[in-house]
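User: I would like to learn how to read helix packing and a few local features in a model like this one. Could you take me through it step by step?

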Amino acid sequence: MLAVVVGVGLSLGVVACSSDDSSDAASSSDAQQSDLMPAAEGKTQYPLTLETPWGKTELKKRPEKVMATTLSGFDAELLVALGVTPVAANMGIKNATYVRDAGGDKIGTTLDGTFDEMYPLEQMSALEPDLIVNFSSDLTDDYKNLSAIAPVVSAEQSMKEYYNQPWQDMIRTLGKALDLSDRADKIISDNENLLKKTRDEHPEFSGKTASFTIWRSGDLGLGGFKKGAPSEVFLQDIGFSEDALAERKPDGGTVSPEKYGIIDADALIVADSSNDDLATLTDNPLYKAVPAVKDGHVSYIARAEDKDKNSALAWAFALLGPIGTQYVVDNLVPKLDEALKAS
């Protein structure tokens with residue numbers, strides 16, 4: 001993920017002996033590149049060295065063409081929140097309609113990444129980025145290839161703590177790398193104020209517990225109960241108590257039907273990843289016996305791509321970045337409020 005600053009010397013040697021037309025073309029190119037980035041704040045000093053678990057990244061100057069490469073599209077969300085338009089983002093950005101609505105629609109290229117081949121190196125290289133961003137992947141096998149294209153910015157922790165890195169740490173790192181630290185701090189502050197406002201407006205959440213689950217028809221069970229997951233942290237931030245189920249299943253995993261009895265939260269949020277067989281879950285007598293289900297305290301949010309805006313809601317709730325959090329507050333919190341009032 002680190003690498004070579006591509007195109008640093010583009011046209012520098014020809015300007016002095018070029019025609020006026022060439023100078024105009026160069027000015028136009030510079031204007032296009034500046035459209036991708038907000039004005040620098042003048043706080044970051046370059047060259048800048050950043051640490052990653054796989055090596056050091058050196059930025060000789062402020063990047064102008066930034067590429068987001070995490071498969072989920074989460075890096076693109078962080079960049080768009082900062083006012084940066086990535087030259088490209090990976091496929092997950094298609095699911096994050098809330099990011100597109102916030103400015104992500106200006107991203108010109110969706111990378112052809114897949115779960116089998118996450119990083120289409122030729123396509124990436126052709127776009128000539130001068131910074132590659134990847135905060136949510138293990139790059140042990142890919143760092144060398146990515147860093148041959150452009151410098152890479154990533155998490156600073158070892159892989160042991162890697163997946164639990166808060167987005168606030170990520171955006172601070174990005175803010176430093178892109179000379180946008182003040183913007184990063186404001187985004188964090190605005191998020192804290194949003195969560196406090198939501199908590200104050202919903203005192204009914206206080207003292208209650210909520211679990212986020214994913215219906216996995218292939219495994220015939222409910223999953224997603226991971227201790228410290230963004231969803232659990234968010235629910236506590238808006239007033240819910242610590243999820244006892246997450247305490248009992250700290251590493252996540254699937255709860256099979258015969259064990260549905262351990263799901264004892266006051267409210268349940270169910271995302272459906274199975275397209276069209278949610279009835280297999282909702283018709284199950286063991287599921288119907290879960291207290292939150294019996295009381296009607298369930299909010300269903302679809303995860304499958306063909307289920308309109310609920311797909312984006314499930315995506316936002318699973319990732320809970322700075323833009324997605326606002327989307328969740330606007331679209332899920334009312335569902336939770338309504339579910340808890342059901343009898």
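Analyst: Helices and strands are taken here as DSSP runs numbered from the N terminus, a helix needing at least four residues and a strand at least two. Counted in that way, the protein chain of this predicted model has 16 helices and 11 strands. Of its 343 residues, 48% count as buried.

User: How many residues of helix 15 are buried, and which are they?

Analyst: The cut-off for buried is a relative accessible area under 20%. Helix 15 is mostly covered, with seven of its 10 residues buried, namely Pro 322, Ile 323, Gly 324, Thr 325, Tyr 327, Val 328 and Val 329.

User: What angle do helix 8 and helix 15 make where they cross, and are they parallel or perpendicular?

Analyst: Angles under 35 degrees count as roughly parallel, and those from 65 to 115 as roughly perpendicular. The axes of helix 8 (residues 181–201) and helix 15 come within 10 Å and cross at roughly 15 degrees, and the two helices are therefore roughly parallel to each other. Their crossing is left-handed. On the helix 8 side the contact involves Ile 187, Asn 191, Leu 194, Leu 195 and Thr 198, which meet Pro 322, Thr 325, Gln 326 and Val 329 of helix 15. Sorted by class, the residues of this contact are five nonpolar and four polar, with no charged residue.

User: Why do residues with such spacing point the same way along a helix?

Analyst: An α-helix has 3.6 residues a turn, so residues three or four places apart point the same way.

User: At what angle do helix 2 and helix 15 cross?

Analyst: Helix 2 (residues 74–81) and helix 15 have axes that come within 7 Å and cross at roughly 90 degrees, which makes helix 2 roughly perpendicular to helix 15. Here Glu 77, Leu 78, Val 80 and Ala 81 of helix 2 meet Pro 322, Ile 323 and Gly 324 of helix 15. This contact has five nonpolar residues, one polar and one charged.

User: And how do helix 15 and helix 16 pack?

Analyst: Helix 15 (residues 322–331) and helix 16 (residues 333–341) pack at an angle of about 35 degrees, their axes being 4 Å apart. From helix 15 the contact takes Val 328, Val 329, Asp 330 and Asn 331, and from helix 16 Val 333, Pro 334 and Lys 335. By class there are four nonpolar, one polar and two charged residues in this contact.

User: Where is Leu 320 placed, and what is its phi?

Analyst: Leu 320 is in the loop between helix 14 and helix 15, and has a positive phi of about 50 degrees although it is not a glycine. At 5% relative accessibility, Leu 320 counts as buried.

Definitions and conventions. Residues are numbered from 1 along each chain as its sequence is written. This is a predicted model: local features need pLDDT of at least 70, side-chain atom pairs count only at pLDDT 80 or more; totals for chains, interfaces and linings use all residues. Side-chain values use heavy atoms; hydrogens and water are left out. Axes are lines fitted to C-alpha atoms, for helices over the stretch in contact, and angles run from 0 to 180 degrees between N-to-C directions. Contact means heavy atoms within 4.5 Å. Ala, Val, Leu, Ile, Met, Phe, Trp, Tyr, Cys and Pro count as nonpolar, Asp, Glu, Lys and Arg as charged, and the others, Gly among them, as polar. Angles under 35 degrees count as roughly parallel, over 145 as roughly antiparallel, 65 to 115 as roughly perpendicular and the rest as oblique. A crossing is left-handed if the near helix is turned anticlockwise from the far one by less than a right angle, and right-handed if clockwise. Buried means under 20% relative accessible area, exposed over 50%, partly exposed in between (1.4 Å probe, protein chains only).
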